[in-house]
Amino acid sequence: GIARATSHIAGGDIGTRLPATRDPDLTVIVGSFNAMVEALQERLDRDARFAADVSHELRSPVTTMITAVDVLEQTANDTTRRQQSIALLRREVDRLHHALEQLLELGRLEAGVGEPEHHPLELGQLLRATFVQTGRSTGILELATDAWVAGDKNALRRTVINLLENADNHAGGVEGVTLQREGSHALI
């Protein structure tokens, strides 16, 4: 029973569960054991997804940085190509730094350290500041109204940056960003 199941789980067979029992003295133990293993499996699955996301996010900037360094090494006399490679390398180092900061923040939140704080903030101001911070033109912002929300400013800023970067990387760039209210909801 329990000894065999724990042995299987320790050996990596995380799908192992104890069969239901009719013994009233064991019902709670079996239920608790299976619930514990289920929670462990969910955590392992979440960690595996997180590791896959990390490797996906880090692979591209690291590959680009390696290529830029190769170009720098091969173009000692070509000042234009060296400057282009340096600019590319700077962009990717900044991107990698940003990704690592996000991962550290996620890790802190997962560990229960640095819980997000919810403060009143105006989303239009946050959008404008995020566009300026990321070197984007605020001309594509369409802010129909003030939209005050209670939220974590840094988490919301990171979310907006992620959406902008996803549009750049996977959809040909950002064409426009609107902010409007629908009842008690703010829509970006």
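**View 1. Threonine 130 and its contacts.** Threonine 130 touches Arg157, Val160 and Ile161, leaving aside residues up to four places away in sequence; contact means heavy atoms within 4.5 Å. The model shown is predicted, with local features needing pLDDT of at least 70 and side-chain atom pairs counting only at pLDDT 80 or more, while totals for chains, interfaces and linings use all residues. Residues are numbered from 1 along each chain as its sequence is written, and side-chain values use heavy atoms, with hydrogens and water left out. Threonine 130 belongs to helix H4 (residues 123–133). Helices (H or I, at least four residues) and strands (E, at least two) are DSSP runs, numbered from the N terminus. With a relative accessible area of 1%, threonine 130 is buried. Buried means under 20% relative accessible area, exposed over 50%, and partly exposed in between (1.4 Å probe, protein chains only).

**View 2. Isoleucine 9 in helix H1.** Isoleucine 9 lies in helix H1 and is buried, at a relative accessible area of 15%. Beyond residues up to four places away in sequence, isoleucine 9 touches Ile14, Thr16, Phe33, Val37 and Leu40. From isoleucine 9 to valine 37 the sequence separation is 28 residues, and the C-alpha atoms are 8.3 Å apart in space.

**View 3. A nonpolar surface patch.** Ile2, Leu26 and Ile29 form a nonpolar patch on the surface, and together they have about 240 Å² of accessible area. Such areas come from the Shrake-Rupley method with a 1.4 Å probe; for residues, only the protein chains shown count as cover. Patches are made of residues with over 30% relative accessible area and no salt bridge; like charges are joined within 9 Å, and nonpolar side chains (Val, Leu, Ile, Met, Phe, Trp, Tyr) within 5 Å. Isoleucine 2 is part of helix H1 (residues 2–10), and its relative accessibility of 41% makes this residue partly exposed.

**View 4. The salt bridge of arginine 17 and glutamate 38.** Across the whole structure, a search finds 3 salt bridges, each defined as a side-chain nitrogen of Lys or Arg within 4 Å of a carboxyl oxygen of Asp or Glu. In one of them, the closest N and O atoms of arginine 17 and glutamate 38 are 2.8 Å apart. This pair links distant parts of the chain, 21 residues apart: arginine 17 is in the loop between H1 and H2, and glutamate 38 is in helix H2. Arginine 17 is partly exposed at 27%, and glutamate 38 is also partly exposed, at 35% relative accessibility.

**View 5. The salt bridge of arginine 136 and aspartate 168.** The side chains of arginine 136 and aspartate 168 meet in a salt bridge, at 2.5 Å from N to O. Arginine 136 sits in the loop between H4 and strand S2 (141–143) and aspartate 168 in helix H5, so that the pair links distant parts of the chain, 32 residues apart. The relative accessible area is 23% for arginine 136, which is partly exposed, and 34% for aspartate 168, which is partly exposed.

**View 6. The salt bridge of glutamate 92 and arginine 91.** Glutamate 92 forms a salt bridge with arginine 91, and their closest N and O atoms are 2.7 Å apart. Glutamate 92 is buried, with a relative accessible area of 1%.
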